[in-house]
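Let us walk through this complex step by step. Keep the sequence and the 3D view side by side.

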Amino acid sequence: MESSLPLYVALKRRLGKGYDNTITKKGLIITATFVVSLCILWVDGGAQAQRVVSFTPDSPFSIPDCNATIHFAFNGSYSQAKLEDNTWVFSNLQVNSTRTWFFGDWRPINPSMVETFRVSAKSCNVTIISLFVSQGQDEQIVGNYNAFSQRMGSITYNVSGPGVQSVNFDLSPSFGQNPRIRDVFVMLDRDLTGRSDANQQSDGWSISSDGTLTVTGATTEANIMCRDYSSLLIDESLPFHENHSVLVVSLVLVAGTVVFGVIIRNNSLKERRTH
Amino acid sequence: MVNEVTIVAIFVAIVVVGIVAILKLTKDKTRRVSHLRLFIQISAVFVIFMGLLIGPFNDPVWAPLGSSPRDRLIGGDLLGNQLPDGISLPVLACYMPNGRTITCPIFQIQASIFPFWDASIGYNVFYATSGLERLVIVFAALIFASLLLGRFFCGWLCPFGLYMDLLTRVRKVFKKRHLNVSPTTSKKLSQSRYIIIAVFLLLSVIFGSYSIFGTELILGTNPTAGHDVVHSGIITYINEPFCLVCPMRPLCIGVECLISSMNWSYVSQIAYGPFWIAGFYITSINLSILIAITVLSLAYRRFWCRICPLGALTGFFSTFTPFKQIALTKLYKNEEKCTKCGVCKRVCPTQATAVYETKGGDVTESRCILCARCVETCPYETALELKFAGKTVMKSRNWL
């Protein structure tokens, strides 16, 4: 039965001798190379997958020099976590947090990825309750409220012990430098069921030029929300008429109407004189 | 986008068919223009609050700039995203919270004062351009619109004018005659508009002093003071002083709640601020003024229009020298054909007397809302004409 013959024999019968030769020599080499490459890729992929490290609420991120420990209250993973200058720097942090704090309200969220997140503590233990960072408008959390914000970061954490905590959402390079393009809302040790007033800057928190928020006034809980508008600024490299198109159009319309009005008026006056 | 264009195309077709139908089918010559005006006023409401028709819906605050259908239709893509407050036209169209298509210039003037010099975050809105630039744009739009149509906006397009006219119709249902204020009071009311607008603009400048002069003239106007009520209370809660007293705001929000475009709980639940505030969107002053104006308008025709500060601005840029010389929409009186019968004076809803008193030629009075009721009811052929750019678009006819 032809169907019971090996595949290459059947192909040889259909395609001739050349095909058989290829199978036996070059084909074998190519196939072997291909298979080996696949294996290497698979192993490498496995290695990549192995680099994603999961964590649980029990996983401690200690900062021994500062006598502090950081925990997450939810499960998650990261591709890299390193302690640099007593600051934990997480890369590709997968956050399985189910809610986030947004202007005094808790909003449900889906698991999200935080590209780079820096967190540090000194003389206290921190438990991160929720964490959310969006590099664009995220309607699932903010609906249309965040209409004019391109990037935002929100974190809520519990603190035990008087100490200092710092977080950096890595929103944009200018976030920490220009107060006009940012909106930072910090509430420390407050009852979140009502809309209490937020803490002013220097009243328990501060921001540095690299965008790191340092909290010194929290003893039980801190809620931080940042919005970054830098991407909405005018591109100064564009010509004036492109950056200020509405202004130009408005002034042209007024000038055009004035000219038109003067012409109409002159014509009317001429007409009346003629009559 | 196709759906939105389809909606707009259908809407335009309905308006055109409606106008033609009214002109053809209304037999009573003294009512034809009134019917047409009512139809255009209602149509204008849909245009002004287009955002309510094409979404987003049930949103208590603001739509994503540049991404909502209204932005794509009106300027988001056409002019760049520099109109976060919508297009400024001289009609009382409230910005809060979903009416960003076309918004009241008084709101925009107040909103432009802070931040004044720099592009920055305004009242929960990010502005890519400085307040000064936006102020120039608002005034340019106001002057352009006023020169083009003048107070025609008040008579034919303003949603609050429609509300006034509907109240007049309600009164007529009960067969009650309207009341008139004395000529002296009418003039004083007219003059009070300028005082009202001056006071609120001055208040805006005082409240925005930190962003203009770099120092706070009164306590509570420092926007950098965070959410501390003492130092930033005014700038946080009463940043747009006129909007806190404007009767259009509760009306807009009430209608939005009625058509389920806004969740009523946002009005009823949120209550904070230094004033007694019935909700974040409606203040007690808003409500009181709306009720007062409603009652007064049942007795006196177009009562709000007699004291409207926006009408004062539009009137200023269309009926005062040098603007009146080049304004394109005007009433024209033919002296030879006028018999001084006084019909024009009696039917005028704002008790403007210039049409009656002017001897002939162009009639320019800031109280006149160009509703053309006088043109419609004047029984002498071409004694009164409504002209646009020197061409007659409407004239009185012998209907006797």
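Which residues of H5(B) and H9(B) meet? B:Ile109, B:Gln110 and B:Ile113 come from H5(B), and B:Leu201, B:Ser204 and B:Val205 from H9(B). Two residues are in contact here if their C-beta atoms, placed from the backbone, lie within 7 Å. Helices (H or I, at least four residues) and strands (E, at least two) are DSSP runs, numbered from the N terminus.

Some ground rules come next. This is a predicted model, where local features need pLDDT of at least 70, side-chain atom pairs count only at pLDDT 80 or more, and totals for chains, interfaces and linings use all residues. Residues are numbered from 1 along each chain as its sequence is written, while chains are lettered from A and ligands numbered from 1 in the order in which they are written.

Back to the helix pair. H9(B) spans residues 183-207, and its axis comes within 9 Å of that of H5(B), crossing at roughly 20°. Axes are lines fitted to C-alpha atoms, for helices over the stretch in contact, and angles run from 0 to 180 degrees between N-to-C directions. H5(B) is therefore roughly parallel to H9(B). Angles under 35 degrees count as roughly parallel, over 145 as roughly antiparallel, 65 to 115 as roughly perpendicular and the rest as oblique. The crossing is right-handed. That term applies if the near helix is turned clockwise from the far one by less than a right angle; anticlockwise is left-handed. The contact holds four nonpolar, two polar and no charged residues. Ala, Val, Leu, Ile, Met, Phe, Trp, Tyr, Cys and Pro count as nonpolar, Asp, Glu, Lys and Arg as charged, and the others, Gly among them, as polar.

H5(B), residues 105-113, also packs on H6(B): the axes come within 8 Å and cross at roughly 165°. The two helices are therefore roughly antiparallel. Here the crossing is left-handed. H5(B) contributes B:Pro105, B:Gln108, B:Ile109, B:Ser112 and B:Ile113, facing B:Gly131, B:Arg134, B:Leu135, B:Val138 and B:Leu142 of H6(B). Six of these residues are nonpolar, three polar and one charged.

Now turn to H2(B). It packs against H8(B), residues 159-173, at about 140°, with the axes 9 Å apart. That makes the pair oblique. H2(B) passes H8(B) in a left-handed crossing. B:Leu38, B:Gln41, B:Ile42, B:Val45 and B:Ile48 of H2(B) meet B:Pro159, B:Gly161, B:Leu162 and B:Asp165 of H8(B).

Next, the domains. Chain B is assigned domain 1 (2-159) and domain 2 (328-395); such bounds come from an automatic or database domain assignment. Their contact takes 13 residues from domain 1 and twelve from domain 2. On the domain 1 side, H2 (32-48), H6 (131-149) and H7 (152-157) each supply at least two residues. H2(B) gives the most, with four.

Finally, confidence. The predictor gives the complex an ipTM of 0.84 and a pTM of 0.75. Chain A has a mean pLDDT of 78. Residues 140-148 of chain A are below 50. Where pLDDT is low, the predicted coordinates should not be read in detail.

Notes
pLDDT is the predictor's confidence in each residue, from 0 to 100.
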